[in-house]
Amino acid sequence: MTEFLQQLLNGLSLGAIYALIALGYTMVYGVLRFINFAHSDVFMVGAFIGYFVGGLLPHGTFWGGLAALAAAMAGCAVLGIVIERLVYRPLRGGPTLNVLITAIGMSLFLEYSGQLVFGATPRAFPAIFPAKVISLHGLIISMNQVTVIVVAAVLMVGLQFAVHGTKIGTAMRAVALNPKAAQLVGINIDVVISFTFGLGSALAGAGGVLYALNYPSIDPLMGVVPGLKAFVAAVLGGVGNIPGAALGALILGMVETFVDGSRWSTYKDAIAFAILIGILLFRPAGLLGRYRAEKV
Amino acid sequence: MLEISELSVSYGAISALRGVSLRVGKGTIVTLIGGNGAGKTTTLRTVSGLLRPTSGSVRFMGEDITRLPAHRIVARGIGHVPEGRMIFSNLTVDENLSMGAYLQKDKAAIARNRDYVFGIFSRLKERLRQTAGTLSGGEQQMLAIGRALMGEPKFLMLDEPSLGIAPRLISTIFERIIEINRDRGIAILLVEQNANLALEISTYAYVLETGHVTMEGASADLRKNPQLKAAYLGG
Ligand SMILES: Nc1ncnc2c1ncn2[C@@H]1O[C@H](COP(=O)(O)OP(=O)(O)OP(=O)(O)O)[C@@H](O)[C@H]1O
Ligand SMILES: [Mg+2]
């Protein structure tokens, strides 16, 4: 039982991080119908911002940790907006394949610029949040895990409000549903797209810091694997669907953790992906996605 | 009010409009009729800024709006109820209406416009919390018109508002269109395949065929035109 709860907790915190990344993939797909492959590298940049800003602040305090988190979110929001503005926007309206290839190029650009600037050697991530470990009837709860889960939960509630409770959030949903109709009511699509990139990238930045807290070493290629997992989670939930991305990420985090704790742990990724393929065979549009023919 | 001159539009290699000119006077209802693929929707979309013409111009209240982005054109006071309604199906009726007022900052004006919309389409008021995609076809059309009215347009374009709607509701919707024009003084450009109805409520009409205006005149005259009768009015 303790074992089970322990895995549940681990799975939850891993899933929460995947969710923070997956949301950005799914929101951008929602408004632009393309996968921003550079998103996982924005996540990496978030971890590095957390590393440098966290290094300047006293370690092991909540306010220091939150300040580093906020800096990573703000920095990544700006980065996401700039990437869209300078790289993707000029290609908008052209063939989707061009943008996809450009996104892959952007991803490689960020990874190798990262190696150039930060070096390829992994660095130890500082304990920016209080890092106590509590033992509860054999259950080991690290403060870092609690921080991850709480921060992710707060951010997701905040996102829910941003998307459903604000005018620009409603406009974002309107653009995702029908960009032409959105323009006809006076919505400036460019502004909504910038907003979407900013929001998604900020969440990825937070994800980067939280990931680094629990897997405490960072390097310029650290985004690749979690980014791929989060992308799969977004597809699993139904790409373009916000609650779907969160759900898909939690399922993926859980499956991965439980398989990892079993005797098949060597095959954890293979098994996790096999389950996903199985689900997608039965629900091709993802768990919460609704199938619709690609719009022209 | 609106003046389109020598407008040509193409989709890649396919040319859809070839030098279309038409005008809509202040406070009038003008109709644009024509068969499938004549270029009616293309005309409206070009006025709205969703499409860019290869040549020609669109002037609104004396100013050239040809190359403005769509949201700027809305801000000038042009409303567009698009073909196929294009309501935001996953949003509620309420959210659809507030998106219609996207550019409107004045809360009192928004409240006034909502009351006006509920006055003419009371069904919308009863269904405010409902997801728009679950409305009937006729109700969706009412919502599409309501949404456009929330932008407080001076000029409104409607693209086949009778399409796919129960006959019983068609007459209601046309009555409302007349009302909107009469009470609010909104000039209207109505695209219709149902030429009888369109000629009945309009004062002036243009007939579009394969990207050309082939006929124009006072609606009352066109209704008696033998050629038009044969082609669009069922003999
Ligand atoms: N997105 C598009 N790509 C290529 N060609 C198009 C596109 N949209 C319209 N066309 C072509 O342009 C021409 C005019 O189309 P348009 O939709 O303006 O006609 P319409 O008069 O509105 O017809 P309908 O009454 O069927 O709605 C048609 O030949 C059509 O095939
Ligand atoms: Mg049409």
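Predicted model: local features only at pLDDT ≥ 70, side-chain atom pairs only at ≥ 80, totals over all residues.
**Entry 1: around ligand 1**

I started with ligand 1 and looked up which residues sit around it: there are 14, and B:Lys40, B:Thr41, B:Thr42, B:Glu83 and B:Gln193 come nearest.

I got 4 nonpolar, 7 polar and 3 charged.

**Entry 2: polar atoms at the ligand**

Which residues of chain B put an N or O atom by an oxygen of ligand 1? I looked at B:Gly37 to begin with, and found a backbone N or O atom 2.8 Å from a ligand oxygen. Then I went to B:Gly39, where a polar backbone atom is 2.9 Å from an oxygen atom of ligand 1.

On its own, ligand 1 exposes 630 Å², and the protein buries 63% of that. Two elements of chain B give two or more residues each to the shell, namely strand 2 (14-24) and helix 1 (40-48). I wondered which element gives the most to the shell. That turned out to be helix 1 of chain B, with 3 residues.

**Entry 3: a patch on chain A**

Over to chain A, where I looked for nonpolar surface. I found a patch of about 500 Å², made by A:Ile104, A:Leu108, A:Tyr112, A:Leu221, A:Val224 and A:Val225. Helix 4 (96-118) and helix 9 (224-237) of chain A are the elements that give two or more residues to this patch. Helix 4 has the largest share, 3 residues.

Is A:Val224 buried, partly exposed or exposed? Its relative accessible area is 38%, so I wrote it down as partly exposed, since that label covers values between 20% and 50%.

**Entry 4: B:Leu91**

Is B:Leu91 buried or exposed? I noted it as buried because its relative accessibility is 1%, and buried means under 20%.

Last, I checked B:Leu91 against B:Gly133. These two are 42 residues apart along the chain, and I found their C-alpha atoms separated by 7.9 Å.

Note on methods: Residues numbered from 1 in each chain as written. Chains lettered and ligands numbered in written order. Heavy atoms only, no water. Near = heavy atom within 4 Å. Polar contact = N/O pair within 3.5 Å; in protein donor to acceptor, adjacent residues only side chain to side chain. Areas by Shrake-Rupley, 256 points an atom, 1.4 Å probe, with all protein chains shown as cover. Helix = DSSP H or I, 4+ residues; strand = E, 2+ residues; numbered from the N terminus. Nonpolar A, V, L, I, M, F, W, Y, C, P; charged D, E, K, R; others polar. Patch = residues over 30% accessible without salt bridge, like charges linked within 9 Å, V, L, I, M, F, W, Y side chains within 5 Å. Salt bridge = Lys/Arg side-chain N within 4 Å of Asp/Glu carboxyl O. Buried < 20%, exposed > 50% of the residue type's maximum accessible area, 1.4 Å probe, protein only.
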